[in-house]
Amino acid sequence: MRLEISGIKQGYGKKVIIEDISMTAGSGEVVTILGPNGSGKSTLIKTICNIMEPKEGTISIDGVNIDQMDRREFAKIVGYVPQTGMVFGQSSVYDSVLIGRRPYVEWSYSKEDINIAAEAMIKMKVDDLYDRQVSELSGGQFQRVTLARTLAQSPAFYIFDEPTSSLDLRNQLDTLRIMRAMVKEKGVCMIMAMHDLNLALRFSDKVMVLKDRRVYAFGSAHEVITEKMIRDVYKVDSMIIDGPEGRYIYALDEDAVRTPSGDKDDKEEDAKGT
Amino acid sequence: MKKAVMAIVTAVIVCTAAAGVYIIASGTGSGGETDGTISIVDGSGATITLSEPLTGVVTANTNIPKAMKILGLTDELKGLSFYTASTNQSNWDLYSPLFNKDVVHMPLIQSMTAESIVAMTGCKYIICPVTSMTITASQETSFKEFGITIIRLDCNGDSALDDLEKLTVLFGKTDKVVDAYDSYCRMYDGVVSTVTAAVAASPSTQDRTFLSYMSSLHAFYNETSAISVMTESIYGKNALRGTGLPLIGPTNPAGEMGTREVIKTKDSNRPIDKIFVRGTATTNTPSAALAVWQNVASVLPITGYDLSPAKTDEVYVFHTNIMSGMLSFIGYVAIAEVCGIDTGLSISDLIAAFNTAYGFTEATSGYVFKMTGGGTGFAKIA
Amino acid sequence: MSIGGTNDRKTLIDLIRNRIDEDTFEGKYEASVRKRVLFILLILTLSVVLFFVAIALGAVDIPLIDVLKAFGHRLLPGVVGAPSQDYYSDFIFKGRMPRMFLVILTGFSLGVAGMIMQGLLRNPLVSPFTLGVSTAASFGAAIAIVFGTTAIGVTLSGTIDLGIMYLEMGNILKILFAFAFAMVSIVLILLLSRGKNTSRSMVILSGVVISYLFQAGIMASKYFADDAQLREITLWIMGSMTGATWGTILILFPIVLLCGIFLFKTSVDINALSAGDDVASSLGVNVQSLRKKGLIVCTLMTAACLAFTGVIGFIGLMAPHICRMIIGNDSRYLMPAAGLMGVLILSVSDLFCRLIIRPGELPVGIVLYITGGIFFIWLIANKKWSQRI
């Protein structure tokens, strides 16, 4: 399947957040949207998921404009994972994950629905928490439950808004590896908005960078994520280093994002020359 | 330690303030200020002391204008008000022709300040009902501070004659006023004693029961009410006796299921003989009486049309004016008449005499109605 | 764990009878469903028992045998003899049964409406009461009581006998005005909070504002009222079930039934809404439409009942809370549970009100306020539960 967005303009009231945004994403691809705070990543994500109607532009799936699609049918194709999940009331993990089956359900859950939800929980390693109240979970556990819910939704396109923001290092890597494996094995597509450039570099096939309300660059991860891009968009000097499993970004500016291999104390010592 | 001291100081301040408020609010309680030659205890139990007789008064009470007219005090009513917009106007329309043309039509009493009352009428005395809420507590306090005396008199029910007497005292017990009072008492007592004698001469009705209903409040009168006492002096016993219904006020709501059930039970064990309904000021035609009865029935899905009196056309509707107020002595005659007691008195003649004596223009008929045709209509009796 | 399979749905009997294999996820899920269904059946049973207890007890206690005879004689007059007193049938069929049905319809409406409103606005403190619907209905009743038909420029009075019920003009007006203003309030709330995003906080804030406005109107009506009218307004605001007639039930039953069916069908969408507006939208739910329609239907249902009963508070808050604590958030089960819990709470309260000073009775609002207050104090004090809200 192919998702195509063309000439998207979006904003709140009279304020324009993003304009003239175009990109494509297809089955078997991991596409990451990068950009500094306030660049419109979340807005673009919500527009792609049809949570907000674009002020201009079109979004189509395999040539069909999503405006012409039934909401439920669209929900079977595109799944959204928010940055900060929430749940109202007393909900067990099981119930929360089953909510993801909503596009397929009229009233009662079938065996298939239950089994799909169970598989999703096992995949996201929250199966042993199935009867726990969601409000009692840690941040990381809760994020995994949210991901499990979207897995249960079984869409063709997974749209993530900061999927790793509340996860620890271990869980960040596990989650992205699981999602990437799903993309490659099942042929789904993952579109995620992220801050972490290193994770983007490591796990993405394509990257789109937003700057000043527009697309700065869109292409393969290695082509787009360059020292020049980081300087232009993030105003940070950096070095991209080849490592054992790929390339890594090392920020030269002290205010920049920490890298997995970086260490602030070492840097200070280096700077002081001790 | 410091906290404890602060807590104690705060408590002392609060208690002192509360005590101060209490003292100021309770005030003299009577409205009177100095030793005077005139003193009464009004309907609320407050002592009213005046240094000289009243020469003028404003009123927020429907019965006072009638009472004053009876006492010949047509020049002494300075201002007339009430507390609902519609009745304020209707009372004005009804009473203003009976009094001096200088009487002022005052706005709703709740909207009046002490200064506005004095400015409009030049009067510092106001008569309010005892039980009804006319002026608010804060109005009362400000009136008293301004020097306005509030006198509470109902002039209806069982206190009608006593309150009339208190009015004579307040206005100085002049010969004219005392003569008018005595004349009214003679008329009132004369009628009541004639009825009482006729009752005594008739077969006993102590084993009979009746229900007495107030249509405006959708409630039954219990044995503590003045109307029930009046009725029991003529006919039978109130059917609410012995039912266990709470006697908190003079009435019990008819809409409550428990009230309906105990009445129905009583009626089933021993049929109730009569139902007396007190209508409104507009219950002066058979169709109005029917409307009042249908109102009663709509509130009583069990008992309305199923009670024994309703099956035997023993339902009577009375105009409110003869059940309470200055014409309440007519109520005695009306009840006696519908209970088959020959008093030798005619309601229309009595009212005509009342009109002649005091210059009223009350209608001489349209006060008593009896159910007919199994509840399909009512007929005028008097 | 089995994968895939057919859509075989179990019947209710199967669910209760069959052994559940809790080693499988399907088994675990069925166990939780069974727990929910059993809870619903429990409160249904209690409600039915209480229905018959309320029929039997009152100002006059009717022996159980006579209750059964009354029903039997009504259904099979040739087979079952009449009860020992002829007025027992009157009490049951003209007084207590319509009253109990009014209790059922009102308790159910308030429980369901409270639950749905809380789900739509994701706020556990929302109810028809807190959104100002009750205040608006009180205002309507107040101006009908004080000003009568002159409030709409005409003067009508009298009573119409329809055979099955009496329509007394003052009463009709009170009912119509209470209902009308309750609906006006929700329309105003939705207009005030309108925009492309009917945001939850704007809806709640608008509800508070509207409530204050109507409260001012009630105070103004009281200012112009005489004693009898003031008492009537006060009693209306306290709420009671004394206005129950078969005519009342005839009007309310279709309204509650249709609204209930509509709301029941939104259960799955309400579940999705618990995960947030954005997530629900991405799951195919039209959030704005659901919220608007849901609020209007909830208001319609409760306004219809409140027009006849006056203000009945706290059920919309208590019933969903209690059920949510026991069976969780799944609206498909929570809705009937909250409705039945509302019936149970109101049944107990109304019975208490009828018995405590019998043959007199207390307005049911008094008992509900006390019960509601105690319930919430316990909730706040009990850390385990308060954290779950």
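**Helix crossing in chain C.** I began with how α4(C) passes α12(C), and the crossing is left-handed, meaning that the near helix is turned anticlockwise from the far one by less than a right angle. This is a predicted model, so I kept in mind that local features need pLDDT of at least 70, side-chain atom pairs count only at pLDDT 80 or more, and totals for chains, interfaces and linings use all residues. Residues are numbered from 1 along each chain as its sequence is written, while chains are lettered from A and ligands numbered from 1 in the order in which they are written.

The axes of α4 (residues 86-121) and α12 (residues 287-309) of chain C come within 9 Å and cross at roughly 155°. I took axes as lines fitted to C-alpha atoms, for helices over the stretch in contact, with angles from 0 to 180 degrees between N-to-C directions. Helices here are DSSP runs of H or I with at least four residues, strands are E runs of at least two, and both are numbered from the N terminus. The two helices are therefore roughly antiparallel, the word for angles over 145 degrees.

Next I listed who touches whom, contact being C-beta atoms, placed from the backbone, within 7 Å. Among the residues involved are C:Leu105, C:Ala113 and C:Met117 of α4(C), and C:Leu295, C:Met301 and C:Phe308 of α12(C). By class I found twelve nonpolar, five polar and one charged (nonpolar: Ala, Val, Leu, Ile, Met, Phe, Trp, Tyr, Cys and Pro; charged: Asp, Glu, Lys and Arg; polar: the others, Gly among them).

**Chain C against its partners.** I then looked up the contact with chain A: 34 residues of chain C meet 36 residues of chain A. α2 (25-56), α10 (267-273), α11 (277-282) and α13 (315-327) of chain C each supply at least two residues to that side of chain C.

With chain B, the contact takes 32 residues from chain B and 32 from chain C. On the chain B side, α9(B) gives the largest share, nine residues.

**A:Glu29.** I found A:Glu29 in the loop between β2 (15-26) and β3 (30-34) of chain A. Is A:Glu29 buried or exposed? A:Glu29 counts as buried because it has 20 C-beta neighbours inside 10 Å; the cut-offs are 20 or more for buried, 12 or fewer for exposed, and partly exposed in between. Leaving aside neighbours within four places in sequence, A:Glu29 contacts A:Val183, A:Cys189, A:Asp205 and A:Lys206.

**Helix α6 of chain B.** The buried residues of α6 (residues 160-170) include B:Leu164 and B:Leu167. Just after α6(B), I noted a positive phi of about 90° at B:Gly172.

How values were computed. Contact = placed C-beta atoms within 7 Å. Parallel < 35°, antiparallel > 145°, perpendicular 65-115°, else oblique.
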